[in-house]
Amino acid sequence: MTWTDEKLAELPVVSGMRQRGVEMTRLETFCDAAFAFSVTLLVIAGGTIPTSMDGLIRALKDIPAFVLSFAAIASFWWAHRQWSRCYGLEDGVTTVVSLGMVVVMLIYIYPLKMVFSAFAFWASGGFFPSEFVVERAGDLPMLFVVYGLGVA
């Protein structure tokens, strides 16, 4: 398609940035589905359905780690969404970068949950449980290194 001034004028403008259009690209749809799958893995990582009141209380105490992990995933999804709305590229480089982001998101879902679970445990003085147990002084910094590599 050849872009003319008239065609460009038809595109929506949000916060001073011309949007690429209103339809989602196939790549954008795939990335959205992958982010949804990441959240599903996050829920599954929570364990099984409680069978007792004590189990329910333990599951409810896992909510802060879930919410913090979900917020981290949502922030990456939002940034990708905003970028896609503005540019909507589907060239080779964009596809490789987007798929790379999906791979990292799916691999780092468990370290993400472990970091926030350990944080909630520490911040609450042990009130919120953590499946991740820091056995040695070097364990937690190493977890943050693994997490940091995924964020980078």
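**Figure 1. Lys-on-ring contact at F127 in the predicted model.** The charged end of K61 sits over the ring of F127, and the distance to the ring centre is 4.1 Å. The model is predicted. F127 is partly exposed, with a relative accessible area of 48%.

Figure 2. A search of the whole structure finds 4 aromatic pairs. In one of the pairs, the ring centres of F66 and F70 are 6.1 Å apart and the planes meet at 25 degrees, so the pair counts as stacked; the cut-off for stacking is planes under 30 degrees apart. Both residues belong to helix α4, where they are 4 residues apart, about one turn of the helix. An α-helix has 3.6 residues a turn, so residues three or four places apart point the same way. F66 is partly exposed at a relative accessible area of 27%, and F70 is partly exposed at 38%.

**Figure 3. The F127 and F128 ring pair.** A pair of aromatic rings is described by the distance of the centres and the angle of the planes. For F127 and F128 the centres lie 5.0 Å apart and the planes are at 75 degrees, so the pair is edge-to-face; planes over 60 degrees apart fall in this class. F127 has a relative accessible area of 48% and is partly exposed. F128 is partly exposed as well, with a relative accessible area of 23%. The ring of F127 also has the charged end of K61 over it.

Figure 4. R58 lies in helix α3, which covers residues 53-60. Between R58 and F128 there are 70 residues of separation in sequence, and their C-alpha atoms are 8.2 Å apart in space. D62 is placed in the loop between α3 and α4. The C-alpha atoms of D62 and F128 are separated by 6.5 Å, with the two residues 66 apart along the chain. R58 counts as exposed, at 53% relative accessibility, whereas D62 counts as buried, at 18%. The cut-offs behind these classes are under 20% for buried and over 50% for exposed.

**Figure 5. Helix α4, residues 63-87****.** The helix has 25 residues and reaches 36 Å from its first C-alpha to its last. This span is close to the 36 Å expected at 1.5 Å a residue. Buried residues in α4 are A65, S69, A72, I73, H80, S84, R85 and C86. The stacked rings of F66 and F70 also lie in this helix.

Figure 6. Helix α6 has 15 residues and spans 21 Å between its first and last C-alpha atoms, close to the 21 Å expected at 1.5 Å a residue. Its buried residues are I109, P111, L112, K113, V115, F116, S117, A118 and A120. G125 follows α6 and has a positive phi, near 65 degrees.

**Figure 7. The second largest pocket.** About 220 Å³ of space lies in this pocket. It is lined by 13 residues, of which F76, V104, M105, G150 and V151 are the closest to its centre. By class, the lining has 12 nonpolar residues, 1 polar residue and no charged residues.

Figure 8. G150 is placed in helix α7 and is among the residues closest to the centre of the second largest pocket. With a relative accessible area of 15%, G150 is buried. G150 and P111 are 39 residues apart along the chain, and their C-alpha atoms are separated by 8.9 Å. P111 is one of the buried residues of α6.

**Figure 9. Overview of the whole chain.** The protein has 7 helices and 2 strands. Along the sequence these elements follow the pattern α-β-β-α-α-α-α-α-α. Of the 152 residues in the protein, 28% are buried.

Key:
Residues numbered from 1 in each chain as written. Predicted model: local features only at pLDDT ≥ 70, side-chain atom pairs only at ≥ 80, totals over all residues. Heavy atoms only, no water. 1 Å grid on protein atoms, 1.4 Å probe; cavity = no way out; pocket = protein on both sides within 12 Å on 5 of 7 lines; lining within 4 Å. Points joined across faces, edges and corners; volume = space filled by probe spheres on them. Nonpolar A, V, L, I, M, F, W, Y, C, P; charged D, E, K, R; others polar. Phe/Tyr/Trp six-rings, centres within 6.5 Å; stacked < 30°, edge-to-face > 60°. Buried < 20%, exposed > 50% of the residue type's maximum accessible area, 1.4 Å probe, protein only. Lys NZ or Arg CZ within 6 Å of the ring centre and 35° of its normal. Expected span 1.5 Å × (residues − 1).
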